[in-house]
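Hello,

Here is the structure I promised to pass on to you. Have a look at it first, and then read on for what I found in it.

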Amino acid sequence: MNLGLVMGGGGLVGIAWELGVLAGLQEAAGLDPTSAAVIVGSSAGSVAGAQAALGRDLVDLVESQLRTASSASGPTEAATAASRTAPDGDRAGTAGQARSVPPEILEAMMSSTGSIEERAAKIGQMALEADVPMEEDAYVESFRSFLGADGWPGVDLRVTTAEAETGRSVLWSRDDGIGLVRAVASSCAIPCFFPPVSFRGKHYVDGPRGGYMAGLAGEKALDGILFVGPNAAMPPQLVRQVELEELADKGMPVVMVTGGEVVAGIGMDLMNPALRAKAAEAGVADGRQAAGQVKALLRLRPARIRSREAAQFSSASSSVGDPGGRPERLSAEGPSGQGEVP
């Protein structure tokens with residue numbers, strides 16, 4: 001089947017949790033991310049999605065999260081300084097406790113005033129004017145160590161970001177001429193926390209993105225969609241979930257894995273490296289919990305075959321309801337039942 005794998009945002013904690021979910025689904029549901037028709041990653045999801053698309057060993061990635069987080073100690077001046085050169089948190093100790101996303105950015109991200117593009121442009125302007133402790137080149141280069149490559153994978157990977165000057169939503173692909181490292185850095189460039197990332201005279205930040213899944217589903221002729229992203233109360237994430245729910249209402253099989261009690265308990269403390277081990281372990285458990293629904297999704301016959309069978313059945317018997325109509329709504333909850341899936 002043509003599967004769309006969509007990876008949501010979630011900061012340092014989200015990277016660990018999403019890698020855990022993918023590892024749990026690989027173990028319990030036989031999920032192979034490299035077999036997806038397209039992988040879409042936003043912010044934290046661009047890191048997890050890129051690593052999955054590159055075919056990295058998911059168990060090794062989870063173990064790396066556990067090892068790194070276990071070495072974290074209390075916040076120190078050295079850790080705070082390291083946070084300026086390590087957006088992945090690998091060299092930052094618990095520096096996430098010393099730095100946090102500016103409240104004005106959180107307020108702007110939570111706002112519902114104006115269109116998504118208008119809000120993204122406002123946030124982008126704030127980012128362009130902000131004085132952050134990292135230089136752009138150092139920030140971008142820091143992604144190279146854990147992506148390990150600047151070349152795009154064979155899988156169709158799309159990396160989302162927002163153009164700071166205009167608020168325009170962008171989905172980078174291998175055809176856009178941007179290196180993978182820079183593309184992922186642009187998706188993770190939290191406004192006023194990390195520097196905007198430049199490319200061909202424009203700047204890009206981790207701002208609100210508009211809807212793109214309906215168009216992508218048509219472009220890639222998707223038969224089903226798997227969404228993995230922590231259910232943090234941030235509008236960009238919720239916009240994506242609403243968009244997927246609308247696709248499900250129109251008949252697209254969708255499974256959304258958004259986390260259980262542990263993710264809910266972490267709340268908005270998503271840039272705290274000390275929580276990565278906890279998040280990675282919870283992700284593995286949430287992936288295993290969702291395995292039944294994901295297996296059912298992966299077993300679905302392609303939509304074109306279902307449509308042909310439905311048409312043949314309809315013509316054979318007009319007294320029976322359309323068996324090829326709206327698919328069963330699949331559900332996948334975390335261990336606590338917190339995750340909600342259409």
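At what angle do helix α1 and helix α2 pack, and how far apart are their axes? Before I answer, please keep in mind that this is a predicted model.

**The two helices**

Helix α1 covers residues 11-29 and helix α2 covers residues 44-53; the angle between them is about 35 degrees, and their axes lie 8 Å apart. The crossing of α1 past α2 is right-handed. On the α1 side, the residues that take part are Gly11, Gly14, Ile15, Glu18, Leu19 and Leu22. They meet Ala44, Gly45, Val47, Ala48, Gln51 and Ala52 of α2. By type, the residues of this contact divide into seven nonpolar, four polar and one charged.

Next, please find strand β3, residues 157-163. Seven of its seven residues are buried, so β3 is largely enclosed by the rest of the structure. You can check this on both faces: one side holds Leu157, Val159, Thr161 and Glu163, the other holds Arg158, Thr160 and Ala162, and all are buried.

Which strands pair with β3 in the antiparallel sense, and which in the parallel sense? Strand β2 (residues 38-42) is parallel to β3, and four bridges link the two. One place to look is Gly41, whose bridge partner in β3 is Val159.

Strand β4 (residues 169-172) runs antiparallel to β3 and is joined to it by four bridges. Here Ala162 has Ser169 in β4 as its bridge partner. β3 and β4 also form a hairpin, with five residues between them. In that turn, Gly167 has a positive phi of about 85 degrees.

Strand β6 (residues 202-205) is antiparallel to β3 too, with two bridges joining them. The bridge partner of Glu163 in β6 is Tyr204.

**The two sides of α5**

Which residues of helix α5 are buried? In this helix, residues 103-110, they are Ile105, Ala108 and Met109. These three cover an arc of only 100 degrees around the axis, and therefore sit on the same side of α5. Pro103 and Glu107 are exposed on the other side of the helix.

**Two leucines to look up**

I also picked out two single residues for you. Leu298 belongs to helix α14, residues 291-299. Is Leu298 buried or partly exposed? Its relative accessibility is 27%, so Leu298 counts as partly exposed. Leaving aside residues up to four places away in sequence, Leu298 touches Met1, Leu3, Ala29 and Leu31. Leu226 is 72 residues away from Leu298 along the chain, and 9.6 Å separates their C-alpha atoms.

Leu275 is in the loop between α12 (261-266) and α13 (276-289). With a relative accessibility of 18%, Leu275 counts as buried, because buried means under 20%. Again leaving aside residues up to four places away in sequence, Leu275 touches Val13, Ile266 and Asp269. Trp17 and Leu275 are 258 residues apart along the chain, with their C-alpha atoms separated by 9.8 Å.

Enjoy exploring the structure, and do write back with any questions.

Best wishes

Conventions: Residues numbered from 1 in each chain as written. Predicted model: local features only at pLDDT ≥ 70, side-chain atom pairs only at ≥ 80, totals over all residues. Heavy atoms only, no water. Axes fitted to C-alpha atoms, helices over the stretch in contact; angles between N-to-C directions. Left-handed = near helix turned anticlockwise from the far one by under 90°. Contact = heavy atoms within 4.5 Å. Nonpolar A, V, L, I, M, F, W, Y, C, P; charged D, E, K, R; others polar. Buried < 20%, exposed > 50% of the residue type's maximum accessible area, 1.4 Å probe, protein only. Arc of directions from axis to C-beta. Pairing = 2+ DSSP bridges.
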